[in-house]
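Please look at the sequence and the 3D structure below, and keep both in view while reading the explanation that follows.

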Amino acid sequence: MSHTSLTCFYCNKFNVSLSVGTKTGYKLFSVTSVDKLDCIYESETPDVYIVERLFSSSLVVVVSLSIPRRMNVYHFKKGTEICNYSYSNNILSVRLNRQRLVVCLEESVYIHNIKDMKLLKTLLNTPSNPSGLCALSINHSNSYLAYPGSSTIGEIIVYDANNLSTVTMIPAHDSPLAALTFNSSGTKLASASERGTVIRVFSIPEGQRLFEFRRGMKRYVSISSLSFSPDAQFLCASSNTETVHIFKLEQHGPSGEEECPTWGSYVGKMFSAASSYLPAQVSGVMSQERAFATVRLLVAGQRNVCTLATIQKLPRLLVASSDGQLFIYNVDPQDGGECVLAQKHRLFGEDEDKEEGVESEGSEVTVPVQACPSYAATVAIPTTGPVTTTLTGYSEDGGAKKGEVIPEHEFAAGPVCLDDENEFPPCFWDTESGRA
């Protein structure tokens, strides 16, 4: 059974980063051109199901099936472990930016200060979240965290991870949540439910609904990823079907009308006027925008992640699938339509496919309940004696209470400065365009 982990892409002005975890290890990739996929690091740490890289830096967080309750933080360029933390239950997801590191368990969330890895807050007794669904804004000035507020309906809790306080609760969907993502500035949040028919975009921190997109009316699907373009003008969504949708977040004038009226806008006004005479369910469907552009994948049923990026000065859609392939498509930002496949790359070789046991249909990661104590032997042994932090002593009733640091949390040789810009250079930002 395959347990390939496809971590969300990170895009900046110069390249795209992708992390992939497999049964035989994990790899970090960089895409600087359509025809070139560079593997910048490869580890033989086995059974990795979570691998999160801090943007395009040398810091990477890894969780292995052998010890699913422990998170290891590495400086992969030096081949050294910075610290490791253990929790009261299996780790389901990890999110990080330059201010915070968030660890999500099924019924609790832990928020760390990334400067020294101090545990700042523990959110206990959160609604059951077996998939570890959560999103953290990459903008550290707006370190908003979003996670499910209910296990039965699509409520979203928006939490300020900087000020450690709840911001708002958004009643987003009628059915449980399946996907969440922030735009790069942390001012918009997109969501999808387990039905997968409607995708909604909300303003942050207000929680007001801005856009509503329909990816289908009849067939329920499983949305596997959502991602905004760097300028937040487009939103892509992939699922367990063969189609990836790209939606355009149309900008309107102050009056709420389009600045340049088109034939389509007049038709839209006609529908809007008619909708006031129709039942709410029907009028809601009529007001929803459909996909601006689409991609038809070669294979359906594979778990995948998608992102929108600018590569070689042109807009591209990237889709990485659990069978180890990366597809790069050209996107027409003016007319949309069917995207054209520009290039295809392999993320791991045929031998690894056999090791992974890749099947035609993607299968979920199965995390064992019992941990194996042999993981330490699989990591690089530091030669310069870096700071190593181990967090232990969690009680069985949910972990550290009231956000206090566990007594066994000790620093070997001073603070762990994970945001040191000399070690982890900041991401480049284009001040003229406001894009990463």
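**A strand and its neighbours**

Strand β22 and strand β23 (residues 243-248) pair in the antiparallel sense over 4 bridges, where strands are DSSP runs (E, at least two residues) numbered from the N terminus, and two strands pair if DSSP finds at least two bridges between them. This is a predicted model, in which local features need pLDDT of at least 70 and side-chain atom pairs count only at pLDDT 80 or more, while totals for chains, interfaces and linings use all residues. Residues are numbered from 1 along each chain as its sequence is written, and side-chain values use heavy atoms, with hydrogens and water left out.

The link from β22 to β23 is a hairpin of 3 residues, and across this pair cysteine 236 has isoleucine 246 in β23 as its bridge partner. Strand β21 (residues 223-228) also runs antiparallel to β22, joined to it by 5 bridges, and here serine 227 has cysteine 236 as its bridge partner. The hairpin of β21 and β22 has 5 residues between the strands, and in it alanine 232 takes a positive phi near 60°.

Why is strand β22 (residues 234-239) described as largely enclosed by the rest of the structure? It is because 6 of its 6 residues are buried, that is, under 20% relative accessible area with a 1.4 Å probe, counting protein chains only. Phe234, Cys236 and Ser238 point one way from β22, whereas Leu235, Ala237 and Ser239 point the other way, and all are buried.

Conventions:
Buried means under 20% relative accessible area, exposed over 50%, partly exposed in between (1.4 Å probe, protein chains only).
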